[in-house]
Structures are given as C-alpha cells and as structure tokens.
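Welcome! Please take a look at the sequence and the structure below, and then we can walk through a few of its residues together.

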Amino acid sequence: MLRILLALWRFVIPFTLLIVALGVLLSHAVAVLDISRGALDTPRSLLVYGAFSVALFLVGLVLAYNGAALVYRLTRGKPRVVAHAPAEPRPGSGGALKQYSRIGLILAGGGAKGAYQAGAMRAIWEFLEENGALDRVCMIAGSSIGSWNALFWMAGLIVPPAPDGQSAHEMWWRAIKPERILDFDWYVPLTENHFGRATPWRQTFRRLFVDNQPVRTQVTRLLAPRPDRRDRPGARVQPLHFYFTRSNVGRGLLEFTTNSWAVADLKRADPRTGASAPVVDPSLYQVLDGGDPPQALRELEDAVFASMDIPPVFPFVKMKDPVYGTDEWFEDGGVIDNLPVVFGTEMEQCDLLFVLPLNATFEAPVNRRSILARLSRVMETRQGVIERNAFKLAYLYNDLHEAAGGTQVSIFAICPAEPLAVGTIDFHKAREAGSAYRLMYEETTSELRREFANLTPKWIRLATVGPDRTRTYVEDF
C-alpha cells in the first residue's frame, strides 16, 4: 500500500495538504464563532454540533479529493511513448508447425499481470517465425489487458527491431506508472460510480496506433470494407481476425468487436424450427468498417477500452448498439469471460491455439489482515475458475468434433504461478513488470522447444512458471 501511495504522490500530497488546511480553517471558525464548552452542555446542542462537524468534514473531504484530482491532472504530463516500425516477418525453415493450418492466440485479462503475458507473446512470435508459420495466424482474441496486448501483435510491435534491443511492447511494460494510465476524475457523491478516467492511456493508444503512420497502416490493413461497399472479389477475407470482448452492463451479456465480416455467415439450425439461424446474435457484436479508416480507428479505441474498463476505476464506456443504434454501456470483458477460447474454437475452428491465462493458478498465501488483499483474492479466484472452465469447454469442443469427424484443436498454454511479483493492480511496479516480461519470455521459449512436439488434442495441459523458474503442469480440467 505504501508503494502505491508513493507512486500516486501527485494526488496523495495535495489531498493531505488540503485536508490539513480544512482542519485549520475549521479550528479557526470555531474560535471566531466563540463556540465554548458551555454552549454544548445539552444533548441536543451537542448532537447538532456533531452533525454539523461531520457534514463539514465530508464536504471538505470531497472538495479535497477534487482539488487533489485537479492538481494530479495538471502535473502528470503526457505519457512517454516509444515506437518503431512494424516488424517484417523473417523467413523460417523449421518444420515444427507444418501440420497446422489455422493458428490462433487467446489472451486473458489480468491487469498489470499482463506483463507476464507480453513476454510469452514475444516467445510465441519468434517460435512461429522460426517455423515459417506467422502467416498462418488467423485470429487473436483478448479480454481486458489481453485486448491491449493484442494491439501490439496486430501492429507488429512484439519483437524488437534489433536482436539485442527492446520492442515497443516491452518498453511500454517496463515504463508503466499510474499516471500513464489513469487520471483522477471529478467526484460528487451519489452521482458517479467511478473515480478515474483512462485519459493518459487513451493518449498512448492514439500516439502508438493512430498518429504513428507505419503502425497505423499496419493496423488499418486488417480492416475490410463493408460487404455492400466492396468492388472486388475476395475482399471479405482479412489476414488476421481480432476479437475484443466487453460486458454489456444493462443486458448482462458478453459482446465483442471484430474485423471479421464472416461472423454473419456463421449459421446453425434452430432447434425448434430447423430453420437456419445466425450462430451469433447480430446485436452482440460490432464489425469495424475498413471503408472509413478514421472512424474504424475511433471505434477500435472504444472497443479496446471497453474491454479493459476496470470497475470501479473507470466509467462505463458508451457504444452504439450495432443493430438498433441505441446507446449501450459497457465494462471489462473479463467480468463475463476472462479467457475467450470460444473465438478460436467455435468461431474460427483453429487447429492450434496458444492460450495465455493469467489467473489459472490458485494457490497463494492466506492474508488475514488486509481487506484489499481479501477482495483481490476473491476476484482472482473467480477469474481463475472462469479460465479453467475455458479449458473444459475446449475438451468438450474436441470431443464433439471427434464424434462428428471434424477438426480438433491442440492447445499450448502457459501461465505465471503464485507468488507473483506483479499483481492485478500493480501498475506502479515498473521494475517488477520488466522482470516478469523477461521471466515469461525466457521460460515460454524453453517450454516451446521442450514440449511443443508433444501437443495433442486428446491431452490439454497448462504449464505454470514460478518466480524461481520452477515449472509445474495442471491437467485436471
């Protein structure tokens, strides 16, 4: 907690000074009004004075918060952004992936634990590149911080431009600070359900993926025009489909944003009538229209920040219903599905998935003193259960497809194990995030070389990496 307060000194110091100033003013007011002990000698007068003092303190608390929030916003500066040209895939001669034709990545949510995921992503990129399989990656899906990490894959910013350098992805994680992702917002009791905004984080998005022309070109290349606006055959197919989840607050349903117009082509037989029906209700997803790149990039920004709209830190994200055009409110996709494997199985029918959970290891020391630690443990355990259930559904998918003679999916999965150097809310731990990145990069590289050849759809297991680099395996899905 002390480290968090130190990281937020731009807010904590003004808040403390304003509270002290309020106390001085209150003490001065009591002296000026000459409120003596004798004036408080009846229960009624004491109650009135006490209620007035409490009310004045609460008003002062709100004013101090808003004053400190203003100072924070004025002093934090702009987030530092370092980018480079998108990586050009180098030809690889390895044959470890020759049997796979449709490859996907599934990225879980987990807040600042995304540093671990980022390191694993670099190892996977290099493994695919070495085996000449980057062009067979047909999809990437993310929830919460997984959506943010997915952007770097889409933009070609996963690997460094020089072998001994750092990628834009790694540099972002090594430089994380609260002021680079969070602004304290105005707060009036009973009118707001959040205390921050992602303004600096959105500024980073624009500087990295919109204002940087080579990266912008790389991202917009993934967008295709609406089918009725195309004038050439084959324009429906993009080189890489992305899926960013979000939770509809009002409807309590999982929705997503994608660049795949082919979602509308997915049909199934209605069990009641036998008629053809869409697999996904059209009101549950948004497809970005590549015919208007500036608008598509604005919608992509909203989609990513809706996916990682951590409650109650950030306000709900407002987006239009894709069918009816009404306003809908969204928050973190991890609230409903923190590991969206379904997009790689039922939606894209991949035969190989790289799955990177962040909460699927359960064992942790019991903390009996901290309320914050207890709430964090409840959240992480719940997310871990959701992630393990995703593996169970992958098993069910394979069983059904084996019975029907369809394509099954092999899964390579790796996850950091407790105790973690970086927790969900630890966006103030830049040094630890850099170490977490390096740990998972090196251990994922090693795990791919040692165990990838043993993958089979009949056996799904999760490798877990401890802080001492000890690897264990979870198979009881």
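Over which residues does pLDDT stay under 50? That stretch is residues 230-236, for which the model has 10 contacts beyond four places in sequence. Here pLDDT is the predictor's confidence in each residue, from 0 to 100, and a contact means heavy atoms within 4.5 Å. For the chain, the mean pLDDT is 87, and 88% of its residues reach 70 or more.

This is a predicted model, in which local features need pLDDT of at least 70 and side-chain atom pairs count only at pLDDT 80 or more, while totals for chains, interfaces and linings use all residues. Residues are numbered from 1 along each chain as its sequence is written, and side-chain values use heavy atoms, with hydrogens and water left out.

Now to a loop. Ala112 sits between β1 (103-107) and α4 (114-130), and Lys113 is placed in the loop between β1 and α4 too. Helices (H or I, at least four residues) and strands (E, at least two) are DSSP runs, numbered from the N terminus.

| Residue | Relative accessible area | Class |
|---|---|---|
| Ala112 | 0% | buried |
| Lys113 | 1% | buried |

Buried means under 20% relative accessible area, exposed over 50%, and partly exposed in between (1.4 Å probe, protein chains only).

Beyond four places in sequence, the contacts of Ala112 include Trp173, Val422 and Phe427. Trp173 is 61 residues from Ala112 along the chain, yet their C-alpha atoms are separated by 8.7 Å.

Lys113 touches, among others, Leu358, Asn359 and Glu380. The side chains of Lys113 and Asn359 are joined by a polar contact of 2.5 Å; a polar contact is a pair of N or O atoms within 3.5 Å, where within protein one must be able to donate a hydrogen and the other to accept it, and residues adjacent in sequence count only if both atoms are side-chain atoms.
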